[in-house]
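Work through the exercises below with the sequence and the model open. Try each task before you read its solution.

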Amino acid sequence: MGAVCHFSLNLHFFHLHTGKETDKIEVTCISWERGDSLYRLLVADSDAMEQEAVCEMLDWAAYGFDNIIQAGSYAEVIDLALDQHPQLVLVDAELDGGKGYDLISQLRRSGATAVFCLLSHRSTK
């Protein structure tokens, strides 16, 4: 019997020189039944620093993810998602080349069965 995985993710970014918080990323409510196999995660964000932060924020292997795939543009996400078949896709709402909502719709129409989670960035300025 597999375990049920749940997590929420809140990333906070701080200005390098002032130390003041500049941005937040929130991922809310990811839950699924985990079997014995390992999974693929696709992290899609046009900002390489934020993409890397998401990849390093959690011990993804503890949640069953043995392969973390990164993409920085709309077209790259489409190619990787259809080729690699990730089980979870964390996608930025605004990507180079298009909107995250449109990307998810296009992948769904193409038969993707991943769990999609839209990342939103909110400035605290």
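## Surface and fold

The chain exposes about 7000 Å², and carbon and sulfur atoms supply 51% of that area. Accessible areas come from the Shrake-Rupley method with a 1.4 Å probe; for residues, only the protein chains shown count as cover.

This is a predicted model: local features need pLDDT of at least 70, side-chain atom pairs count only at pLDDT 80 or more, and totals for chains, interfaces and linings use all residues. Residues are numbered from 1 along each chain as its sequence is written, and side-chain values use heavy atoms, with hydrogens and water left out.

**Exercise 1.** Give the order of helices and strands along the sequence.

*Solution.* Step one: count the elements. There are three helices and eight strands. Helices (H or I, at least four residues) and strands (E, at least two) are DSSP runs, numbered from the N terminus. Step two: read along the chain. The pattern is β-β-β-α-β-α-β-β-β-α-β.

**Exercise 2.** State what share of the chain is buried, and what share of its contacts join residues at least 24 apart.

*Solution.* Step one: burial. Of the 125 residues, 37% count as buried. Buried means under 20% relative accessible area, exposed over 50%, partly exposed in between (1.4 Å probe, protein chains only). Step two: contacts, meaning heavy atoms within 4.5 Å. Among contacts between residues at least 6 apart in sequence, 69% join residues at least 24 apart.

## Helix faces

**Exercise 3.** Sort residues of helix 1 into buried and exposed.

*Solution.* Step one: list the buried residues of helix 1 (residues 48–57). They are Glu 50, Gln 51, Val 54 and Cys 55. Step two: look down the axis. Step three: turn to the face away from the buried side. It carries the exposed Ala 48, Met 49 and Glu 56. Gln 51 has a relative accessible area of 8%. Leaving aside neighbours within four places in sequence, Gln 51 is in contact with Val 43, Asp 45, Gln 70, Ala 71 and Gly 72.

**Exercise 4.** Find what the buried residues of helix 2 pack against.

*Solution.* Step one: name the buried residues of helix 2 (residues 74–84). Tyr 74, Val 77, Ile 78 and Ala 81 are among them. Step two: check their directions. Step three: find the partners. They are strand 3 (39–44), strand 4 (65–71), strand 6 (94–95), strand 7 (98–99) and helix 3 (100–109). Step four: view the other side of helix 2. Asp 79 and Asp 83 are exposed there.

## Aromatic rings

**Exercise 5.** How many aromatic pairs does a search of the whole structure find?

*Solution.* Step one: apply the rule. Rings of Phe, Tyr and Trp (its six-membered ring) pair if their centres lie within 6.5 Å; planes under 30 degrees apart count as stacked, over 60 as edge-to-face and the rest as tilted. The search finds two pairs. Step two: Tyr 39 and Phe 65. This pair is tilted, at 6.0 Å centre to centre and 55 degrees between the planes. Tyr 39 lies in strand 3 and Phe 65 in strand 4, so the pair ties together parts that are 26 residues apart in sequence. Step three: Trp 60 and Phe 65. Their centres are 5.8 Å apart and their planes at 85 degrees, so the pair is edge-to-face. Step four: join the pairs. Tyr 39, Trp 60 and Phe 65 form one aromatic cluster.
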